[in-house]
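Subject: Two-chain model, handed over with notes

Hello,

Here is the structure for you to look at.

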Amino acid sequence: MSVIQPSPRSGMVLLEVLLAMIMMTSVLLGCIAVVQNFQQTSIATSLYGAAMNTAQRYRSHFSLVGKKGFADLPIFVQIAPNAGGLLPPGNNTVNLGPHIAPHGYSVSWHSTEKYTQNANVYTTAQSSGCPYPLIKHIDITVSWQNLDGNMLSYSTQTAISHPLLSAHPDKLFRLDATVPTP
Amino acid sequence: MKYSQSRSAGAVYLTTIALLLALVSVSVTAISLYFIAQSESLLWKNTNTTLSARSEVYMADIGARLLHAPAWDNTLPSQVFSTMSNVTTTPLTGGEITSATISRSDTDGIFTDTKVQSLVRFPLLINLPPAALVIHDNLHPLAAFHLYVPTARAHPRSPLAVWSNTEVNLLSAPRFTCKESAIHPPQCQANAVSHAMVKKSDVKDKDSALPPDALTYLFASDIGNTPLSAFKRIAWKKMTNCKSLPTASPFIWIDGHCEITAGKTLGSPNSPALIIVRNGDIQLHSNTRMYGLVVSYREKTKFTQRVLMAPDAAIVGSLVLNHPASADSAIQVMYDFAVLSTLRSLPALQQISLVPGSVQ
């Protein structure tokens with residue numbers, strides 16, 4: 001009569017397989033959680049980055065106004081508290097690449113006019129000061145909805161100077177240069 | 001023996017799993033670091049942008065404060081003066097050029113943003129007229145004038161009564177220049193320097209050095225093609241007539257006729273004005289004065305503009321015409337270099353330029 005002896009390896013193998021399965025399952029679940037988290041972080045980062053770039057685009061646009069001297073005066077004058085310029089407030093759809101659907105951003109900007117009297121700055125024209133604003137302070141806000149449906153916003157600022165503050169340097173060479181022929 | 005073989009096999013499996021786990025951990029860590037780096041990069045970019053935006057706003061604020069400041073010295077607000085260095089002043093004929101370096105540092109976390117730029121402030125009036133009457137056109141043959149250029153008030157380098165790029169005929173109408181220091185036509189005629197019979201060196205006509213365009217001469221408007229409308233936008237007072245003229249304003253723009261009733265005075269020797277009358281007559285009634293530089297400018301019209309002054313009325317400073325004036329015009333100007341210098345130096349009539357290449 002032969003007795004079948006249990007193999008000393010069979011118990012160990014089973015234990016190892018169980019251990020391995022538990023560990024692999026944990027690792028797999030962990031990996032899935034991490035990947036999901038990374039994906040959300042990646043999307044959130046992309047959305048934030050796109051908001052920054054959108055705000056930056058507006059900021060660059062405004063910061064160039066007035067840099068061409070008097071040629072920019074009509075644009076400078078046009079910029080009212082919430083209108084004017086070539087980039088009006090509104091909605092922008094930004095393409096974020098192949099893995100994220102195009103996202104909508106709402107851009108608003110507000111201009112605050114600054115007036116001077118001597119070397120002081122005021123928000124309204126002073127009786128004996130300069131009657132027109134020398135600076136237009138622009139606050140730019142970009143709002144968007146994140147994946148959870150919450151509204152987020154990014155703000156930046158810039159200032160536009162009156163063209164009198166960026167006169168063409170060539171004018172310096174013309175100072176007192178036109179004189180009567182002796 | 002079998003037992004030790006099975007233990008060895010188990011160890012191999014465990015080691016393999018441990019290595020796989022280590023590999024997964026390393027991969028996860030690497031990916032985590034990648035995403036953290038991306039977020040950090042975005043945060044850094046954000047900080048950098050915020051600092052840059054703050055500097056931009058600050059520099060604009062400083063520039064605006066400096067444009068109309070009476071002087072670039074310690075009378076400035078401390079937050080402005082503390083940013084300035086290398087302040088230098090260069091004299092001009094009846095004005096000055098001031099330059100300074102503005103620097104500012106701002107720190108946020110590990111970032112420090114430093115902005116440096118040099119500014120130059122100089123007069124809006126690029127050239128100061130050296131003559132009582134500057135004509136950029138053929139003066140109507142019948143238009144009369146009395147031009148007073150007292151030696152003490154004359155331009156220091158080019159003391160002229162008339163400067164024109166076309167011929168000025170003194171025979172065709174009562175036209176006199178003199179050195180009298182009071183507005184009195186008979187006395188000016190009696191002591192005339194130039195008159196119908198003689199044209200002295202105080203009448204500089206047919207001079208090609210005078211540009212055909214008055215704006216080019218006065219403001220160098222050809223640089224950047226500045227239109228006339230731009231000067232209207234920077235005027236401190238805009239009017240359509242002179243019925244309610246302000247007693248003092250550095251820059252007055254009038255679209256239309258400017259008639260000043262008897263006894264009125266516009267400006268003063270200490271607060272003269274730059275007055276541009278566009279497409280309109282200038283009429284000064286008895287005993288009136290206009291202190292400063294008056295520009296009678298005709299734009300895109302062939303209408304004749306009259307410049308008519310009572311015998312005891314006058315412009316004290318200089319008059320610039322870009323048109324012939326009407327046949328019944330009677331011009332009286334008392335040249336005053338001090339008044340024009342004060343005008344040119346007014347803080348309200350300055351402009352600022354960024355020194356190319358100075359922005360860091």
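First, the ground rules. This is a predicted model, in which local features need pLDDT of at least 70 and side-chain atom pairs count only at pLDDT 80 or more, while totals for chains, interfaces and linings use all residues. Residues are numbered from 1 along each chain as its sequence is written, chains are lettered from A and ligands numbered from 1 in the order in which they are written, and side-chain values use heavy atoms, with hydrogens and water left out.

**The interface**

How many residues of chain A are in contact with chain B? The count is 62 residues of chain A against 74 residues of chain B, with contact meaning heavy atoms within 4.5 Å. Together the chains bury about 5900 Å². Of that area, 68% is on carbon and sulfur atoms. (Buried area is the accessible area, with a 1.4 Å probe, that two parts lose on being put together, summed over both.)

Three salt bridges are counted between chain A and chain B. The term needs a side-chain nitrogen of Lys or Arg within 4 Å of a carboxyl oxygen of Asp or Glu. Arg174(A) and Asp222(B) make a salt bridge, at 2.8 Å from N to O.

On chain A, the elements giving two or more residues to the side that touches chain B are α1 (8–64), α2 (73–78), β3 (120–122), β4 (135–145), β5 (151–161) and α3 (171–174). Helices (H or I, at least four residues) and strands (E, at least two) are DSSP runs, numbered from the N terminus. α1(A) gives the most, with 19 residues. By class, this side of chain A has 33 nonpolar, 22 polar and seven charged residues. (Ala, Val, Leu, Ile, Met, Phe, Trp, Tyr, Cys and Pro count as nonpolar; Asp, Glu, Lys and Arg as charged; the others, Gly among them, as polar.)

Asp61(B) sits in helix α1 (residues 2–67) of chain B. Leaving aside neighbours within four places in sequence, Asp61(B) is in contact with Val121(A) and Ile135(A). Asp61(B) counts as buried, at 18% relative accessibility. (Buried means under 20% relative accessible area, exposed over 50%, partly exposed in between; 1.4 Å probe, protein chains only.)

**Aromatic pairs**

The structure holds 10 aromatic pairs over all chains. Rings of Phe, Tyr and Trp (its six-membered ring) pair if their centres lie within 6.5 Å; planes under 30 degrees apart are stacked, over 60 edge-to-face, and the rest tilted.

Why is the pair of Tyr48(A) and Trp144(A) edge-to-face? Because the planes are at 70°, with ring centres 6.0 Å apart. Tyr48(A) lies in helix α1 of chain A and Trp144(A) in strand β4 of chain A, so the pair ties together parts 96 residues apart in sequence. Tyr48(A) is partly exposed at 23%, whereas Trp144(A) is buried at 2%.

Phe70(A) and Phe231(B) form a tilted pair, 5.8 Å centre to centre with 40° between the planes. This pair crosses between chains, from the loop between α1 and α2 of chain A to helix α5 (residues 228–233) of chain B. Phe70(A) is buried at 5%, and Phe231(B) is buried at 1%.

One aromatic cluster is formed by Tyr48(A), Tyr105(A), Trp144(A) and Tyr154(A).

**Single residues**

Asp176(A) has a positive phi of about 55° although it is not a glycine. Asp176(A) is in the segment after α3 of chain A and is buried at 16%. Asn225(B), also not a glycine, has a positive phi near 50°. Asn225(B) is in the loop between α4 (214–219) and α5 of chain B and is exposed at 67%.

Ser118(B) is in strand β3 (residues 111–123) of chain B and is buried at 16%. A polar contact of 3.3 Å joins its side chain to that of Thr101(B).

Asp336(B) caps the N-terminal end of α6(B), with a side-chain oxygen 3.1 Å from the backbone nitrogen of Ala338(B).

Best wishes

Methods: Polar contact = N/O pair within 3.5 Å; in protein donor to acceptor, adjacent residues only side chain to side chain.
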